[in-house]
Amino acid sequence: MASQYSSERAWFRTRILTNHFPSSPSLCVSPLESNACLSYSPPELHESYDFDTNEMRKLLDMHNIEDRDWLFGLMRQSKVFNPQEKGGRVYVAPDYNQSMEQQREMTMRRIAYLLERGVFNGWLTGKGLESEMKKFAFLEVVGIFDHSLSVKLGVHFFLWGGAIKFFGTERHHDKWLRDTETYAIKGCFAMSELGHGSNVRGIETLTVYDSKTGEFVINTPCESAQKYWIGGAANHATHTIVFSQLNINGSNQGVHAFIAQIRDADGNICPNIRIADCGHKIGLNGVDNGRIWFNNLRIPRENLLNSVADVSSDGKYLSAIKDPDQRFAAFLAPLTSGRVTIAVSAIYSSKISLATAIRYSLTRRAFSITPNGPEVLLLDYPSHQRRLLPLLAKTYAMSFAGNYLKMIYWKRTPESNKTLHVVSSAFKATLTWHNMRTLQECREACGGQGLKTENRVGHLKSEYDVQTTFEGDNNVLMQQVSKALLAEYVATQKKKKPFKGLGLEHMNEPCPIIPSQLTSTVLRSTQFQGYQLAEDLGRAFSDRAILQTFMEAEATVSVGPLKNVLSLLRSMYALTCMEEDAAFLRYGYLSTENAAAVRKEVTKLCSEVRPHALALVSSFGIPDAFLGPIAYNWIDANSWSSVKH
């Protein structure tokens, strides 16, 4: 049998090779005859737009479209954003050939430029949903240009500023918020330590209260307690939020937050503080991460951020929340903003890489099907479609998930904090993992051009890798999600009541019977997709919640071309999740035959999405200048005339 297979395989390969030999000597072409030179043809000349890309962008970006475009324009017109001409186009991107020190200095110069033009107005002092939405929109646009710049702003406004706003009370707001918004002071956020990151409750920095002077005294009792990876601490920050164990009269009251000055107005490090640089990193070198040690640092009693707990002048610990677990949960609830902004920025990074790789694949050709025939566009190969288009569908799905996450964050209440914590943890992990996978696949899909820093995709991997770790290690976050879901399940079973909240309502319905043979119609139905993505706890919760946000976005669109392409993407998202997750086979929800049917359907969907690929990445609304040269005329961008002599 093996011999027969080998013979058939050899015969098949011989037939293929024969097709590439001339059939007659008269048609023979000299091996020395040169081929016609390749030329660039913009994909817009041969690709169709079957739906309104502006309407699609409104769905994806959701809010503040005009504000986003204004900020894009503001950055394009300034030399501080490093404009470079390539192939007749101007691109803006950080110069990663600069030293670490130069990159940090450029980050501060860009912040100064944006500050002077009012970009940060209302970021901390503004009121209402409109102000919040504009702030998030601007941060997303800044992140498309440079992750270091967005992280630096995130630390200052969302972590330092957010801690004062949400952990503090009126006395802190009046003293610190306006000066933070105008950069009269520069803040950082000292939570992580050398010995403790995700386990915040275990941090070792120690604070005691001196009732004689009315001061708190902060100490770093051991080397593992040094504050580590503190963005802004190495060079620029003047103040920090210090997270520390609070010991009152020999009793540990748990982790609390304090305001401490670490530099004076001239940039000199304050007494009783030591600061060291974390050094060069694999990415984000425009952020000055530092380490901090405290040695009997004294701060006023009023510098305790006291929205949850306080200490009286005579040293009594005061809190309306008596349970330490509940107090800790209430204390950390406002920190959700970090996970929200990280999750959303990860998807914009995926959009950059997909827009670049797909545009390139619509103009780059390789190999011909027939002898001496034209070479084939990369995206016309089914294997290339398989590499990029499911990731494109997932990025669309996760865009809607990011929008949903922002909405529940903006409209949060004490009653919704649990849901917000679970969803933000799940989405932060899922979206950042997806981004890293997308960046890698797009880098490879761009071939050697993906290795060039100027083309962005390859370098973004090192810039965004940290997202899987900071604001909560992804695996730890997923464990928290699973723990919360199990607790909800147990509580509901005990009460013998239907599930309500956390997206588990589908479990109130009977388990549907899955046909032994899945047809294309069944595979593309929302009922089948919705139930199937609900099994493997943490990750499945996230996958299904993302699908739910997709279906809700799809439901807002009227019947027509836009809705049709969304339906294709939604089906591809759901079926790709099923195809990639072994849990559906492991737990028997898909037979091997049906798993094969799912795979076949994804391949079919790829061919149906292929004609819309250019329109789908154009709908991202990322201006030409913020992509890499290979997204456009990569021949001119690499021509001899483009070389600086």
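Helix α2 passes helix α17 in a right-handed crossing. The structure is a predicted model, and the protein contains 21 helices and 15 strands.

**Packing of α2 and α17**
- Two packed helices are described by the angle between their axes and the distance between the axes.
- The axes of α2 (residues 53-61) and α17 (residues 561-580) come within 10 Å and cross at roughly 50°.

**Helix α8**
- Helix α8 spans residues 324-332, and Arg 327, Phe 328 and Phe 331 are buried in it.
- Viewed down the axis of α8, these buried residues fall within an arc of 100°, so they line one face of the helix.
- An α-helix has 3.6 residues a turn, so residues three or four places apart point the same way.
- The partners against which the buried residues of α8 pack are α6 (147-167), β7 (239-248), β8 (251-261) and β13 (317-318).
- At the start of α8, the backbone nitrogen of Asp 325 has a side-chain oxygen of Asp 323 within 3.0 Å.

**The protein as a whole**
- Of the 645 residues in the protein, 54% are buried.
- Among contacts between residues at least 6 apart in sequence, 74% join residues at least 24 apart.

Note on methods:
Residues numbered from 1 in each chain as written. Predicted model: local features only at pLDDT ≥ 70, side-chain atom pairs only at ≥ 80, totals over all residues. Heavy atoms only, no water. Buried < 20%, exposed > 50% of the residue type's maximum accessible area, 1.4 Å probe, protein only. Helix = DSSP H or I, 4+ residues; strand = E, 2+ residues; numbered from the N terminus. Arc of directions from axis to C-beta. Contact = heavy atoms within 4.5 Å. Polar contact = N/O pair within 3.5 Å; in protein donor to acceptor, adjacent residues only side chain to side chain. Axes fitted to C-alpha atoms, helices over the stretch in contact; angles between N-to-C directions. Left-handed = near helix turned anticlockwise from the far one by under 90°.
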